[in-house]
Amino acid sequence: MQLFDIIGPVMVGPSSSHTAGAVKIGYVAHKLLSEQVVKAEIFLHGSFLATGKGHGTDKAIVAGLLGMQPDDVRIPESLEIADKMGVDIKFSGISLKDASPNSVLLKLTGKSGRMLEIVGESLGGSIINIAAIDGLSANFSGDRPTLIVHNLDQPGHVAEVTSMLSHKSVNIASMQLYRENRGGNAVMILECDQEIPESAVEWLKKLEGVVKVTYYSLIPTGGSL
Amino acid sequence: MSYRLLREILSDAQNENLKFWQVILNDNCRENRITEKESFSKMTDMYIAMKEADSNYDSKAKSASGMAGGDGKLLEDFRKQPNRLIGDFLTKVIEKAVKMGESNACMKRIVAAPTAGSCGVIPAVLITYEEEKKVAQDRIIEALYVAGGIGEVIAQSAEISGAKGGCQAEIGSASAMAAGAVVYLEGGDNEAIIHSAALALKNMLGLTCDPVGGLVEVPCIKRNVSGAVNAIVSSQMAIAGIRSRIEPDEVIDSMKRIGNLLPECLRETSKDGLAITSSAIKIMENISS
């Protein structure tokens with residue numbers, strides 16, 4: 001743990017896992033969707049469902065989806081703000097398989113109709129893990145710029161992505177590969193030390209065999225607020 | 001983060017002829033490749049956020065559960081009464097600890113130090129110190145590095161979350177951190193700093209995490225008071241020359257082992273302890289109805 005995880009972070013209470021972590025999950029999801037959320041179906045699991053209300057987990061997740069960070073003093077009013085913006089929000093409970101106690105499944109629709117489904121886990125402190133994207137396993141914290149590429153399970157896609165990163169002088173901190181089955185849907189997740197230029201992300205989207213490209217940038221966008 | 005032992009901090013301080021807080025500052029700069037000025041300014045931001053949280057206390061705010069809110073105002077009024085048993089300094093520490101704990105429960109902006117549940121301990125002690133002793137703010141920032149260094153060692157070698165180590169890991173850690181910080185401010189040497197932390201932590205060993213309804217309210221808010229007051233009295237013992245008979249790093253190890261032995265029902269799950277008392281059940285019924 002770093003010094004400013006011990007003295008810090010500055011956050012809206014009451015709980016680093018149930019409030020700050022929940023904001024962060026929402027925020028990462030909103031960044032991954034990369035456009036304003038117009039519809040959010042929020043499925044709370046485990047302790048998020050059991051004690052979420054008292055911890056403001058519902059408000060926290062919505063605040064994040066609107067682009068707020070964990071220290072935003074508007075978090076307690078996020079539900080009203082979302083309502084005024086016309087964002088369609090629905091909460092329900094769920095029992096997710098093999099999920100950590102503080103988990104949430106988010107089904108999001110953006111302004112242009114883009115859809116995203118993620119499972120986020122709050123691991124304590126305000127550390128989070130994105131455990132699934134669009135039904136496929138994932139594993140990243142939102143602490144680094146992260147590239148998520150859904151592609152068909154064919155030879156060559158990893159090379160295409162990594163050589164692009166090499167060309168842009170982006171160093172890879174961690175890399176994970178998952179697939180549903182041989183020749184089926186696959187996903188690669190790359191956490192990087194530098195930001196990836198937008199043009200390079202766009203270039204990837206045009207490659208044959210690449211189904212979907214999602215990029216999580218650390219650069220704040222100010223959200224949809 | 002390179003320190004797993006308080007003794008390592010002390011030996012680096014001695015070898016490099018630095019103060020405790022400077023060792024932690026340097027370490028932070030190395031780890032994050034930032035300048036001393038950048039690190040110091042970030043720590044200053046943390047302290048200013050603590051002071052803002054303290055002065056923004058809203059006596060009318062209530063938590064979503066209805067359990068928390070308003071006690072800080074009672075203490076504010078109490079402080080104005082003549083013939084109190086305890087002096088202004090300690091009375092103020094108690095008041096600020098409760099206020100911060102309540103603000104956290106009421107979804108206000110606070111500084112986790114080391115956790116949100118224990119966010120009242122360090123500011124209660126340090127803001128009161130600055131106000132009552134009229135010291136320069138930079139001295140308080142230095143003391144925050146001392147607190148942070150102690151907290152880092154505890155996080156490395158034991159735990160700082162209630163779910164893993166019980167309340168001793170949250171309020172206990174915060175109390176140990178504040179206890180070391182006060183000794184630094186009062187001019188104690190490095191040996192006194194780590195013994196103050198050890199004395200404070202020893203008093204908190206075994207403390208369970210059994211909050212009503214799983215919420216950071218009961219008993220958490222008032223535990224911040226005991227953590228803060230315990231930090232002050234431990235610092236006074238250390239400055240008087242009292243040393244922990246158990247080596248400070250061994251106290252931290254003990255905290256870890258005790259945490260591992262705590263049953264799951266007493267580690268933030270609210271399955272036993274205060275959380276299943278008749279009073280708690282009644283409160284929870286009122287909330288859900």
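Reply: The contact draws 35 residues from chain B and 28 residues from chain A; two residues are in contact if their C-beta atoms, placed from the backbone, lie within 7 Å. This is a predicted model, in which local features need pLDDT of at least 70, side-chain atom pairs count only at pLDDT 80 or more, and totals for chains, interfaces and linings use all residues. Residues are numbered from 1 along each chain as its sequence is written, and chains are lettered from A and ligands numbered from 1 in the order in which they are written.

Me: Which element gives the most to the side of chain B that touches chain A?

Reply: Helices (H or I, at least four residues) and strands (E, at least two) are DSSP runs, numbered from the N terminus. On that side of chain B, α7(B) gives the most, with six residues.

Me: How do strands take part in joining the chains?

Reply: Two strands pair if DSSP finds at least two bridges between them. Here, strand β1 (residues 10-12) of chain A and β1(B) run antiparallel and are joined by three bridges. Within β1(B), V111(B) is the bridge partner of V10(A).

Me: What is the domain assignment of chain A?

Reply: Domain bounds come from an automatic or database domain assignment. For chain A, this gives domain 1 (3-133) and domain 2 (146-216). Their C-alpha centres lie 25 Å apart. Four residues of domain 1 of chain A are in contact with four residues of domain 2 of chain A. On the domain 1 side, helix α2 (residues 16-33) of chain A provides the largest share, three residues.
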